[in-house]
Amino acid sequence: MASSLTAPTFSSFLHSKKDSGLSAFASTSPLSAQRCQNTVSKKICCSVVAPQQSERKPYSTGSVKTAMTMTEKILARASEKPHLSPGDNVWVNIDILMTHDVCGPGSIGIFKREFGEDAKVWDREKVVIIPDHYIFTSDVRANRNVDILRDFCQEQNIKYFYDIKDLSNFKANPDYKGVCHVALAQEGHCRPGEVLLGTDSHTCTAGAFGQFATGIGNTDAGFVLGTGKLLLKVPPTLRFVMDGEMPPYLLAKDLILQIIGEISMAGATYKAMEFVGTTIESLNMEERMTLCNMVVEAGGKNGVIPADSTTYKYLEDRTSVPYEPVYSDSQASFLSEYRFDVSKLEPLVAKPHSPDNRALARECKDVKIDRVYIGSCTGGKTEDFMAAAKVFLASGKKVKVPTFLVPATQKVWMDLYGIPVPGSGGKTCSQIFEEAGCDTPASPSCGACLGGPKDTYARLNEPQINKLEHSMQVCVSTTNRNFPGRMGHKEGQVYLASPYTAAASALTGFVTDPREFLQ
Amino acid sequence: MSAFAIVTKNVIFNSFPKLSFSLSPSSAIQFIRFPTSSIPANPLASLTQQFIPRTASLISRATSSSSAASSTTFHGLCYVVGDNIDTDQIIPAEYLTLVPSKPEEYEQLGSYALIGLPSSYTTRFIEPNQMKTKYSIVIAGANFGCGSSREHAPVALGASGVAAVVAESYARIFFRNSVATGEVYPLETEVRICEECKTGDVVTVELGDSRLINHTTGKEYKLKPIGDAGPVIEAGGIFAYARKTGMIPSHSA
Ligand code: SF4
């Protein structure tokens, strides 16, 4: 039983090595050099040793004088500089610019205002436009915004526009994808060593592919549309070394909630977060995306995971664009390094109203809930639904609260109906969800992850469900933010959790540690 | 009412110019666009030597020296919020269908600024049925503007009449968007003044001296220098900076 386990303090899993030396000239600093030797002796260094040595150019070579982190190297290449240090401001060439229906119209407006009505985007194949936020709504302005995107894409002959015209049936729109960050990966737009900017804070998700990816505003995006460049400041890197076997009741969501709880919501502000270690190497691409997705919840500028065979495998059928991964030099300078023994972690939640308000799921077992939401770029991928299905399957019971399922993309939706869940005797996720009494999987989009127009599916519209029992509407969600009003009503209470914990909570009607069902 | 700024006589007013004006090295003042609404009577106007509605603050920096920033002063009532005010509280997602580059929608966005604050904030930032706020300076704790990358957040504040935000620290994207758009000055303090100021206090921000004066309490606070954002702010935002440095051709509009 989960509740019989002892509760070690969080800090006992963590050893932080603070290093105030920001110099990238590691060899000139005795302190850095010593630290690097230590690191070299550890197993985790395997993960930062680069394959494809023969293809590496000078900027990706770990010469002593120019030791750089992955993030520094990517930006050095993109700015055509031999060497960069944290704090440098450089004009960076952008490989991909992504925008969506919420920020696209504004970015386009600024592009036209500044470059002229007849201006052309810098490269029609490098702009990716993905309607995903406010799609299945009768809100006229929301619908108009998708029309603005369509007109622009036609006018500019944008190659990658994932359009939706028939809102009554998403399946009638073969081009339509859904949530931008998941769609970017699925469609092969996330590639190691590149620079991807998006008008969305969770653009950092793509760091899972060993690239530099971060969110920007409309004005910056308008600038990139016209020039293909942006002035960026090189961030210092925090390194997170995650070692140990991942227990079967944990998911990447638990790891990132652990980290955010540790360093706080502003702990990585302006900084890069690099994830390495044996645990990271064992994660599949979707789990790595979950990890990088939430670096922005710690204030991070970008998250990054070294590309490896898992990455190359994922990219195999998805892109034909040549890419060149880069890796942190063994003597690169990190602002600080955090180490976690993952085998000792427990399932976590972030309590209202902040993603760093960490608690053990089992500590919240008396919190009665009103609904469960499984969806978003964080927790609405195929692997997330497979995880939830695994819990439902293991319990054989029915959910006690309304359980909303919003696949991130059309592909995820098809996977729910097409891929058999391991150990289920051939059942698909959708069959398992139906047997457990969940709502039918909804049309793929951002859905209620960020509230949205009042008619958005699964939005928290009422402050309270039942006045007698407890006053606020409580939701356990696999999304990424639980600020007041994030999912609709500003008095709503959102507990962020992994798909395992969300499914377990749906089965009991309380916040529940998934070990109740997974052991 | 519009936010306003005091400028000392004979020095160029130097708020972040909006990006919609043209830059020419030949004259300091390209044009001044007055708002369509009339300039409201202002109880604090007597404290100003000259006051200019914020939307009229379109003055080129092309010929103004970098010391021009030192003349900029904001004066008005402050609105105080706590730590981790995220963009969902500054402008809730349901209003994101408004496109900031469209003028009427810009005004509407302003009317919803900070509407997402929980009901524990008993004094509302914008009175019911008003389009503008009476608070021209927002004072906040740590990590102001965290959450989504929506530029609607600094835009909504700017459109509502806010001239400057003074916080202990900012989330990266909010800071960047404020600089890139020139909608509000994102200023930082060394101490947690959100615990020492109250909503409704009368404050003055003097950029040149990097200080904030709370006239209600009589206290003075040091502001941090603007740092690396300086050159971009000096130029007047990312487009003006790029034109100034020859990255993109001069605006011919
Ligand atoms: S799913 Fe949620 S967090 Fe992800 S892009 Fe959509 S609104 Fe943003």
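Buried area is the accessible area, probed at 1.4 Å, that two parts lose on being put together, summed over both. In this predicted model, chain A and chain B bury about 4,100 Å² between them. Carbon and sulfur atoms give 55% of that area.

**Confidence**

The model scores ipTM 0.80 and pTM 0.83. The mean pLDDT is 88 for chain A and 76 for chain B. In chain A, 86% of the residues reach 70 or more. In chain B, 70% of the residues score at least 70.

| Stretch | pLDDT | Contacts in the model |
|---|---|---|
| Residues 1-56 of chain A | below 50 | 107 contacts |
| Residues 60-64 of chain A | under 50 | 11 contacts |
| Residues 1-70 of chain B | under 50 | 151 contacts |

Where pLDDT is low, the predicted coordinates should not be read in detail. That applies to the contacts in the table too. Among the elements of chain B, strand β2 (residues 51-53) has the lowest mean pLDDT, 34. Strand β4 (residues 135-140) of chain B has the highest, 98.

**The interface**

How many residues does each chain bring to the contact? Chain A gives 53 residues and chain B gives 51 residues. Between the two chains, 24 residue pairs are in polar contact, with both residues at pLDDT 80 or more. Several elements of chain A give two or more residues to the side that touches chain B. They are β2 (89-93), α3 (104-115), α4 (140-156), β7 (212-215), α6 (218-227) and β8 (229-233) of chain A. The largest share comes from α3(A), with 7 residues. By class, the side of chain A that touches chain B has 21 nonpolar, 16 polar and 16 charged residues.

**Salt bridges**

The structure holds 39 salt bridges over all chains. Across the interface of chain A and chain B there are 6 salt bridges. Glu94(B) forms a salt bridge with Arg459(A), with the closest N and O atoms 3.2 Å apart. Arg243(B) forms a salt bridge with Glu114(A), and here the closest N and O atoms are 2.9 Å apart. Arg243(B) lies in helix α6 (residues 238-244) of chain B and Glu114(A) in helix α3 of chain A, so this pair joins two chains.

**A parallel sheet in chain A**

Strands of a sheet pair through backbone hydrogen bonds, either parallel or antiparallel. In chain A, 5 strands form an open sheet with parallel pairing. Their order is β5-β4-β3-β6-β7.

The partner of β7(A) is strand β6 (residues 195-198) of chain A, and the two pair in the parallel sense over 4 bridges. Within this pairing, Leu197(A) has Thr214(A) in β7(A) as its bridge partner. Strand β7 of chain A also gives two or more residues to the side that touches chain B.

**Backbone details**

Most residues other than glycine have a negative phi, and most peptide bonds are trans. Asn157(A) is not a glycine, yet its phi is positive, about 55°. Asn157(A) lies in the loop between α4 and β5 of chain A. A cis peptide bond joins Pro352(A) and His353(A), with omega about -5°. His353(A) sits in the loop between β13 (348-350) and β14 (358-360) of chain A.

Note on methods
Residues are numbered from 1 along each chain as its sequence is written. Chains are lettered from A and ligands numbered from 1 in the order in which they are written. This is a predicted model: local features need pLDDT of at least 70, side-chain atom pairs count only at pLDDT 80 or more; totals for chains, interfaces and linings use all residues. Side-chain values use heavy atoms; hydrogens and water are left out. Contact means heavy atoms within 4.5 Å. A salt bridge is a side-chain nitrogen of Lys or Arg within 4 Å of a carboxyl oxygen of Asp or Glu. A polar contact is a pair of N or O atoms within 3.5 Å; within protein, one must be able to donate a hydrogen and the other to accept it, and residues adjacent in sequence count only if both atoms are side-chain atoms. Ala, Val, Leu, Ile, Met, Phe, Trp, Tyr, Cys and Pro count as nonpolar, Asp, Glu, Lys and Arg as charged, and the others, Gly among them, as polar. Two strands pair if DSSP finds at least two bridges between them. pLDDT is the predictor's confidence in each residue, from 0 to 100.
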